[in-house]
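Here are some notes to read beside the model, written for someone new to looking at structures. Please keep the sequence and the picture open while going through the points.

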Amino acid sequence: MRRKKVLFLDRDGIIVNEDQVDSFEKIIWIPHVFHSLARLRRESDFEFVMVSNQDGVGTPSFPYEDYVKCQNRILETLEGEDIYFDDINVDFSLPEDDCPTRKPGTRMLEAYADGSYDLSSSFMIGDRLTDMQLAGNIGCRGIWFAPEDSEVPEEHAGTVALVSDNWLRIADFLLGSGEAGRRVAVMDRNTSETGISLAINLDGTGKGVLETGIPFFDHMLSQIVRHSRIDVESFSFSGDLEVDEHHSVEDFAIVFGSLVKQALGDKRGIERYGYEVLTMDDVVATVALDFSSRPELIYHVPFKREYIGSFPTEMVEHFFKSFSSSAGANVYVECTEGNAHHMAEAVFKAFARAMRNAVKRIPGCSDLPSTKGAL
């Protein structure tokens, strides 16, 4: 029997503006919430469950009657847009009461732990980190309703699947979170020089480790994972390092570029272009990308050293050349002269952040990002 999925939803800060909503004048709707929730209700199989802390309802400063009339107005308005909740859970305690029913406590949601719900495929959407803590506590994933450049604290990195305060993007993400909509790719490439198995997820949170046995190169690859937010879902690697680093760096770049191209599919609805100007101590790196299907590398990085540790600096250019060819991308890389380690790290970080922007889906858009109608 197929287990049910749940969309746990906070109310204030997610559906209506964060406030003590005790009068009709304070009901201010979050942009695009009607369109997005109605679409999710219509096109997904999530059950909708409201989970909200309403501090001190029933006290003189927040009479129960004021809460009820506003809650009913909110629910009636949503129902008018074909948005219904399967369950509503509201805690009226104050933070100092330390009640187990208060988020991030799980007492209100014990019914969802009976085994009939697929919590690993469920989501909690909330604007506070306590909502993400609740998601982790009940075993579901979290969508942190916050500006997209918000840094996810390390303790929530394994729970937060998306950071966005744009309901259109959240709906697109949730409707594409099944296997058919996930932008993932897998490749096994074996030659007489290297053996590489790699799986990536373009819509990740920057999780996973890439280890090739080349310490400085691995340090650079960790920058790509972290700053592009592309997840590494599996990885194995062997290379002829007894010869030198060349084949390992080149073949990894070929595999990685091929996977990005594969995961992008027909490229509908993506930004396509990405750029980043990044400073790191004494240097400034600039990287621009275009997933145009036309490979080209323009490279201006004036290393004055032949090696960084034992890593040949000429392999930085070769990495980007190999990626450009396999991904079918224009890649522009430039860096000011300075400390060689800083130059390389700034370039890889800028590359990752430019790619993060280029592969980003545009909420509500399925257009091909080309005036020619083909890429």
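1. In helix H1, Val33, His35, Ser36, Leu37, Arg39, Leu40 and Glu43 meet Trp167, Leu168, Ala171, Asp172, Leu174 and Leu175 of helix H4, where contact means heavy atoms within 4.5 Å. By class, this contact of H1 with H4 has 8 nonpolar, 2 polar and 3 charged residues; Ala, Val, Leu, Ile, Met, Phe, Trp, Tyr, Cys and Pro count as nonpolar, Asp, Glu, Lys and Arg as charged, and the others, Gly among them, as polar.

2. A word on the basis of these notes: this is a predicted model, in which local features need pLDDT of at least 70 and side-chain atom pairs count only at pLDDT 80 or more, while totals for chains, interfaces and linings use all residues. Residues are numbered from 1 along each chain as its sequence is written, and side-chain values use heavy atoms, with hydrogens and water left out.

3. H1 (residues 33–43) and H4 (residues 167–175) pack at an angle of about 10°, with their axes 8 Å apart; the axes are lines fitted to C-alpha atoms over the stretch in contact, and angles run from 0 to 180 degrees between N-to-C directions. That makes H1 roughly parallel to H4, a term used for angles under 35 degrees. Helices here are DSSP runs (H or I) of at least four residues and strands are runs (E) of at least two, numbered from the N terminus.

4. The largest pocket holds about 790 Å³ of space, and among its 34 lining residues Glu148, Gly204, Ser228, Arg229 and Arg356 lie nearest its centre. On a 1 Å grid over the protein atoms alone, a pocket is an open set of points with protein on both sides within 12 Å along at least five of seven lines, a cavity is a set where a 1.4 Å probe fits but cannot get out, and lining residues have an atom within 4 Å of a point. Grid points are joined across faces, edges and corners, and a volume is the space filled by probe spheres set on the points. The pocket lining divides into 11 nonpolar, 7 polar and 16 charged residues.

5. The largest cavity has a volume of about 50 Å³, and its lining divides into 9 nonpolar, 1 polar and no charged residues. Helix H5 (215–228) gives the largest share of that lining, 4 residues.

6. Two backbone details deserve a look. The peptide bond from lysine 103 to proline 104 is cis, with omega near 10°, and histidine 32 has a positive phi, near 70°. Most residues other than glycine have a negative phi, and most peptide bonds are trans.

Key: Angles under 35 degrees count as roughly parallel, over 145 as roughly antiparallel, 65 to 115 as roughly perpendicular and the rest as oblique.
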